[in-house]
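Take a look at the structure below before you read on. Then follow its sheets, its core and the contact between its chains.

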Amino acid sequence: MTVDWSWISDHTDDLTTLTLSHLQAALTAVLLGLVVSLPLAVVAHRVRPLRGLLLGLSNVLFTIPSIAIFVLLLPVSGLTRTTTVIGLTIYTLVVLLRNTVEGLDSVPAKTKEAAKAMGTRPLRTLLTVELPLALPVIMAGVRIATVMAISLVSVATYIGDGGLGQLFTDGFQRNFPTPVIVGVVLTLLLALVADALLVTLQYVLTPWTRRKRSA
Amino acid sequence: MIQFDTVHKRFPNGTTAVHDLTLDMPEGGVTVLVGSSGCGKTTTLRMINRMVDPTSGTIRVGGKDVLEQDAAELRRSIGYVIQQSGLFPHRTVLDNIATVPLLLGWGRRKARARAAELLETVGLAADAGKRYPHQLSGGQQQRVGVARALAADPPVLLMDEPFGAVDPVVRTQLQDELLRLQRELNKTIVFVTHDIDEAVRLGDRIAVFRTGGHLVQCASPAELLARPADDFVADFLGAERGLKLLSLTTLADVPQAPAPEGGAWTLRLDATGAPVAWRHKDAESADIPVRPLRDTDSLLSALNESIAAPSGLVARVDAAGVLTGVSSRDDIHEHAGVAHEQGREGVPSGARGTARAAQDDPHTPVKGPGQTEPRAEDGTGDTDADGAPAPTTAERSA
């Protein structure tokens, strides 16, 4: 299997477009996933009876095969980017919801109690104490969800989208390995870079976890 | 300042945490709530700032019913210190201290300036302000907890076993610091502990609770130790409560004499006149180090030192540490006896603890000498040790 380097240099514009499109689909899905899962996680964290229901539901959604999700969405949103993003968002939910709930659970009761005893109202406690302290666990979920979404975008090739995934079908149809290899490498690079950026973001957002006890 | 009027708290699971509690906590005083776990002392404390609401009864802070106030605003007006400090791990020490001022809308600059000021008040270095709580020792964290509670200068301070998680040495330091702060700030402090020694050390008044949320006795430390209301309180105070009582009386009134010359033991001094050690005239045994005592030290320390000293003599020094004389074991014993008798009669002993002014208990009528019937377990024999028991304190110390 050899790589046709001239094909790559002839298609740099296409490759750039596909990469950006791929990234956009994945990131939009993760952001939407966060927007949906944050309030759901707060509810699941505070209302015990709903917790099992919400987490169970996100698990069930996760078990639906990805192609089936896109097919099921077709009558709703057709062969569009929207279908891709909704499908991916559903997949990110299971990780984001579970990690956000666990992150909120991990905030020490003593700390929440102190916030209350100082006269902090519940919403402010959530925003300024609970969510910041849950951030490391939430970010772990965001990292998994992002990498997962980046790898899953390709599946949307079946509905005419799929970002870099289009390179795979192109290569298979023409029995020409170069686009497939390039697609795999670019997807991997995207995942690695996105993950590195998220690690950096977490480092910036959680200064208290950096320095260990100094003498 | 804080008044409980027939306050009852029953939790949804049916347990009664506090049973018809009526208790006044005076302004500017330290009221310590003690008792074993599950006795309702913490629930009582938490009802003051509405972390728990009572089932029935009224609680007033500064004359105002707490239930008629907005809970969050009430809490901002009351300082709160909890065990293991409960600091916010994601905020710097300075921002932790600034919590309540920020909630009150002081603005970040003013709140931080106030926080920096408080670092010094609680004895922390200025550069500690930029650190995160986990970078500090347990004792330092507890100081930050106290600073945070003091930030908005609340008149009332609630402390829930604040020094429960630090080692004994640091605990003593923190207790001393609290007493020093209290002399400066004169807050109304409610302090929960299960440690009776801590209660005796810090409290102007001690309220003893029994399981089921019953208040058994509320009295000054001296009165509590000398006249426990019942066997439960006596047991709680422990077998050494007679000695604990001595920790409340200072050495100041015990007479002193010049250090002995030419006896079996002589007191060696250093160049400044501070006592160093006892030396035997035959030099057959090694020098025995001396722990000199000041007038502000307790009779308990004096008793301890007199037992340890080979001659039975306690070296007394002035504030600068220079020898002023020695006191004999007999004199110390005699004063210990006087302290006990005063306690039994409900008279605050002449010079109470170094930190606090003596406080009369208005609820306890002072019994006349004729009514005084020493309790059996109090009569440890010390009344007879120095001859016939004297009927009154005045005659005794004359």
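The model is a predicted one.

**The six-stranded sheet**

Start with chain B. Here 6 strands form an open sheet with mixed pairing, in the order E6-E7-E8-E3-E9-E10. Strands E6 (78-82) and E10 (214-219) of chain B lie at the edges, and each pairs on one side only. On average, neighbouring strands of this sheet are turned by 15 degrees against each other, direction ignored.

Strands of a sheet can pair in two ways, parallel or antiparallel, through backbone hydrogen bonds. In this sheet, E3 (30-34) and E8 (188-193) of chain B are parallel partners, joined over 5 bridges. Within E8(B), Val192(B) is the residue opposite Leu33(B).

The table lists two of them.

| Helix of chain B | Strands of chain B touched | Angle |
|---|---|---|
| H6 (138-150) | E6, E7 | about 165 degrees to E6(B) |

**The three-stranded sheet**

Chain B also has an open sheet of 3 strands, ordered E11-E12-E13, and its pairing is antiparallel. The edges are E11 (265-269) and E13 (288-289) of chain B. Between E11(B) and E12 (275-280) of chain B there are 5 bridges, and the two run antiparallel. Trp265(B) faces a residue of E12(B), His280(B).

**The core**

Which residues have the most contacts inside the largest nonpolar core? They are Ala149(A) and Ile48(B), in a core of 139 residues. Helix H5 (81-105) of chain A supplies the largest share, 11 residues. Chain B takes part with two domains: domain 1 (2-240) and domain 2 (241-398) each give at least three residues.

Leaving aside neighbours within four places in sequence, Ile48(B) is in contact with Ile2(B), Ile59(B), Val61(B), Val66(B), Ile78(B), Leu158(B) and Val190(B).

**Where the chains touch**

How many residues does each chain bring to the contact? Chain A brings 17 residues and chain B brings 19 residues. On the side of chain A, helices H6 (109-117) and H7 (122-152) are the elements that give two or more residues. H6(A) gives the most, with 6 residues. By type, the residues on this side of chain A are 7 nonpolar, 4 polar and 6 charged.

Technical notes:
Residues are numbered from 1 along each chain as its sequence is written. Chains are lettered from A and ligands numbered from 1 in the order in which they are written. This is a predicted model: local features need pLDDT of at least 70, side-chain atom pairs count only at pLDDT 80 or more; totals for chains, interfaces and linings use all residues. Two residues are in contact if their C-beta atoms, placed from the backbone, lie within 7 Å. Helices (H or I, at least four residues) and strands (E, at least two) are DSSP runs, numbered from the N terminus. Ala, Val, Leu, Ile, Met, Phe, Trp, Tyr, Cys and Pro count as nonpolar, Asp, Glu, Lys and Arg as charged, and the others, Gly among them, as polar. Two strands pair if DSSP finds at least two bridges between them. Axes are lines fitted to C-alpha atoms, for helices over the stretch in contact, and angles run from 0 to 180 degrees between N-to-C directions. A nonpolar core is a set of buried Ala, Val, Leu, Ile, Met, Phe, Trp, Tyr and Cys residues joined through C-beta atoms within 7 Å. A residue is buried if 20 or more other C-beta atoms lie within 10 Å of its own, exposed if 12 or fewer, and partly exposed in between; C-beta atoms are placed from the backbone. Domain bounds come from an automatic or database domain assignment.
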